Amino acid sequence: QVQLVESGGGLVQPGDSLRLSCVVSTRDFRDYALGWFRQAPGKAREYVASINWNAKSTFYSDDTKGRFIISRVNAKNTLYLQMNNLQPEDSGVYFCAATRAKTDYAALHMHSDEFDSWGQGIQVTVSS
């Protein structure tokens with residue numbers, strides 16, 4: 001069973017940066033496409049970004065493109081999300097997710113229904 005554990009959340013001010021990490025416990029980390037999703041209070045979970053198995057392809061939501069960077073280090077079984085110029089509307093619980101797929105395009109992995117392994121979520125709050 002694949003387990004994912006997020007870390008790095010917290011309270012920051014508008015304009016600040018934050019880096020989330022997600023350690024994935026599996027022997028087959030390279031076989032997985034990975035994604036970040038977030039959920040604000042009272043709202044549905046939404047897609048943030050995804051990355052393919054070898055990190056050669058990334059894709060972002062319109063809200064995060066140009067501010068967030070998704071990356072992975074396969075040797076460390078770790079997924080990252082660098083979040084820059086954070087705004088109050090970025091607040092929410094952030095989840096990392098994994099789906100067993102070795103595709104060339106991260107854009108193929110945007111729908112939460114596809115991901116079958118999830119972390120417990122971590123809170124990010126952006127407030128002055």
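**Figure 1. Burial and overall dimensions of the protein chain in the predicted model.** Of the 128 residues of the protein chain, 45% count as buried, where buried means under 20% relative accessible area, exposed means over 50% and partly exposed lies in between, with a 1.4 Å probe and protein chains only. This is a predicted model, in which local features need pLDDT of at least 70 and side-chain atom pairs count only at pLDDT 80 or more, whereas totals for chains, interfaces and linings use all residues. Residues are numbered from 1 along each chain as its sequence is written, and side-chain values use heavy atoms, with hydrogens and water left out. The radius of gyration of the protein chain is 13 Å, which agrees with the value near 14 Å that a compact globule of 128 residues would have; the radius is taken over C-alpha atoms, and the globule rule is 2.2 Å times the number of residues to the power 0.38. Along the principal axes, the C-alpha atoms fill a box of roughly 40 × 25 × 25 Å. Among contacts between residues at least 6 apart in sequence, 60% join residues at least 24 apart, a contact being heavy atoms within 4.5 Å.

Figure 2. The protein chain has 0 helices and 11 strands, assigned as DSSP runs numbered from the N terminus (helices: H or I, at least four residues; strands: E, at least two). In a regular strand the side chains alternate between the two faces of the sheet.

Figure 3. Strand β5 (residues 46–51) is mostly covered, with 5 of its 6 residues buried. On one side, 5 bridges join β5 to the antiparallel strand β4 (residues 32–39), and F37 stands opposite Y47 in β5. The hairpin of β4 and β5 has 6 residues between the strands, and G42 takes a positive phi near 80° there. Strand β5 also pairs with β6 in the antiparallel sense, over 3 bridges, with A49 opposite Y60 in β6. In the hairpin of β5 and β6, which likewise has 6 residues between the strands, A55 takes a positive phi near 70°.

Figure 4. T64 lies in the loop that joins β6 (58–60) and β7 (68–73), and T64 counts as buried because its relative accessibility is 0%. Leaving aside neighbours within four places in sequence, T64 is in contact with R38 and V48. The C-alpha atoms of T64 and N85, which are 21 residues apart along the chain, are separated by 9.9 Å.

Figure 5. Apart from neighbours within four places in sequence, S117 is in contact with V2, L4, C96, A97 and A98.

Note on methods: Two strands pair if DSSP finds at least two bridges between them.
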